[in-house]
Amino acid sequence: MKIEKGKISGLHLMFSVSCFLQASTLLTSFFVSISKRDSWIAVLIACVAFLPVLWVYLRLMESHPGKNLFEINDAVFGRIAGRIISAIYTSFFLTLTSLNLRDMGDFVKQTIMSRTPYVVLIGICMVMSAWDVHSGGLRQITKFGFAFTVTSLFIVIFTTVQTAGQMDLNNFLPMFDMPLETYAHSANIILTIPFAELIVFLPIFCNMENPKQKLRKYVFGGFAIGGATLLLVTLRDTAVLGNTMDFFAMPAFETLRMVSLTQTLSRMEILFAFILITLLFFKITWLYYITVISTAQVLNFRDYRQLVLPVGMIVTVYSFILYPNVLAHIASGREIAPLLWLVCEVFLPAVTLLVGKIKKAIRSARPSGGGTAAPASNNDPSF
Amino acid sequence: MIFLIFIFLAILGIDLPPLIRSRNRREIVVYSLVYLFALALCFLYAAGVEIPSPVMVLGDMMKSVGISY
């Protein structure tokens, strides 16, 4: 049973993907402290390394047309094992939602509203997101992707031009002088934390209009915009801050503190804060929506909206208990998450694709018309 | 704590009428379990009970077997 029946256009999907990736520009501190001035190389390596992962996602969806991630799990692994795997995905999506909610709370608290209680910042965001998910659904959430993406790109390009006077190209030197493991570690973080988080789009790829013809084009387009933004931000921060980048919890924010148009028009970082809060709100709402429809699918609910509020309360409390402080969060983002996230982002989709292919090969090798009938859950012509 | 009770009553007020009207007993039972889980989690946190973070627990387990950077 499909929970979400609404359709979105390819362009909406593309800008949602790019918006989702652009919202992660806050998290550059996870990898710039490792690869320092060569972080842009790590971003490029991660972009290349993500292409086969993206291919797995797209092949998985294309080999099961009209099905979402949870229906595919049921079809490939059977009803019980499929549900268990779907529950693992759901808990992963829940964790991602809480993590991003926590990131937004930390960011707003540290930069703009330092005297506002944390619970108020997170509570307001969750109320707005719950309203969006409950009353709007898929079309409502993706509607503003284009506006957010263009605004974000404009601000990144504008601030890059404005900081041009403070850039020093010597900050990139010497290049390629770090151990290979450093690049691999940094690229792994970039691969798992912003890029492969695109797995959260798998439950709705089948809701795209004409998914057969244009899915690849729009998903690659969204990834290209998001990846280019991350690369541009990393290059700009390296050129401006150099090796001091790893002293800051938010290098991009520190770069923008240095922008000053005239003596009276300074403090441009508020522009960055504005667009980052907007993008993070989009990302949190998207993740929240995916968590709710995943929960509804696993629990076999007919209408996901009945679960919006209780799941929202769980997400809110989970964001408080995830990490005791920002340092523990950053340490986990560097040491644990790049490996732990691989299970849901790379291993499970790859295994699903592989098992589906093997089942298809076995079925096509059987003589047609004879023998026992295939189980109902595997009776899909797409195999 | 009073604010939390108010929030959970409001959630019941929003979600329960359509569930009862649908007369789907299974969905009512499952919804009640999710609601009670959220309620217990929120009240434990508000009461200052230390709830272990699953991500930190998994991280410690991975570190103990040497799977980490």
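Modeller: Gladly, and one term first: a helix here is a DSSP run of H or I that is at least four residues long, and helices are numbered from the N terminus. Please keep in mind that this is a predicted model.

Colleague: Fine. Which two residues does the cis peptide bond join?

Modeller: The cis bond joins Leu173(A) and Pro174(A), with an omega of about -5 degrees, and Pro174(A) is in the loop that runs between helix 8 (145-162) and helix 9 (180-195) of chain A. For background, most peptide bonds are trans.

Colleague: What about phi, then: is it positive or negative at Lys36(A)?

Modeller: Lys36(A) has a positive phi of about 45 degrees, although this residue is not a glycine. Lys36(A) sits in the loop between helix 2 (29-35) and helix 3 (39-62) of chain A. As a general point, most residues other than glycine have a negative phi.

Colleague: Why does Lys36(A) count as partly exposed?

Modeller: Because Lys36(A) has 19 other C-beta atoms within 10 Å, whereas a residue is called buried if there are 20 or more, and exposed if there are 12 or fewer.

Colleague: And what is the phi of Arg23(B)?

Modeller: Arg23(B), which is not a glycine either, has a positive phi of about 55 degrees, and this residue belongs to the loop between helix 1 and helix 2 of chain B. Arg23(B) counts as exposed because there are 8 C-beta neighbours inside 10 Å.

Colleague: Changing topic, how many residues are in the largest nonpolar core?

Modeller: That core has 122 residues, and those with the most contacts inside it are Val17(A), Ala46(A), Ile190(A), Val200(A) and Val292(A). Helix 12 (residues 269-298) of chain A supplies the largest share of the core, 17 residues.

Colleague: Which residues does Ala46(A) touch?

Modeller: Leaving aside residues up to four places away in sequence, Ala46(A) touches Ala187(A), Ile190(A), Leu191(A) and Phe195(A).

Colleague: How do helix 9 and helix 15 of chain A pack?

Modeller: Helix 9 of chain A and helix 15 (residues 337-365) of chain A pack at an angle of about 45 degrees, with axes 9 Å apart, and they are therefore oblique to each other. The crossing of helix 9 of chain A with helix 15 of chain A is left-handed. Asn188(A), Ile189(A), Thr192(A) and Ile193(A) of helix 9 meet Ala337(A), Pro338(A), Trp341(A), Leu342(A) and Glu345(A) of helix 15, and by class this contact has 6 nonpolar, 2 polar and 1 charged residues.

Colleague: Last one: is the crossing of helix 5 and helix 13 of chain A left-handed or right-handed?

Modeller: The crossing of helix 5 of chain A and helix 13 of chain A is right-handed. Helix 5 (residues 79-111) and helix 13 (residues 308-321) of chain A pack at about 65 degrees, with their axes 8 Å apart. Residues making the contact include Leu94(A) and Leu101(A) of helix 5 of chain A and Val315(A) and Tyr318(A) of helix 13 of chain A.

Methods
Residues numbered from 1 in each chain as written. Chains lettered and ligands numbered in written order. Predicted model: local features only at pLDDT ≥ 70, side-chain atom pairs only at ≥ 80, totals over all residues. Axes fitted to C-alpha atoms, helices over the stretch in contact; angles between N-to-C directions. Helix = DSSP H or I, 4+ residues; strand = E, 2+ residues; numbered from the N terminus. Left-handed = near helix turned anticlockwise from the far one by under 90°. Contact = placed C-beta atoms within 7 Å. Core = buried A, V, L, I, M, F, W, Y, C linked by C-beta atoms within 7 Å. Parallel < 35°, antiparallel > 145°, perpendicular 65-115°, else oblique. Nonpolar A, V, L, I, M, F, W, Y, C, P; charged D, E, K, R; others polar.
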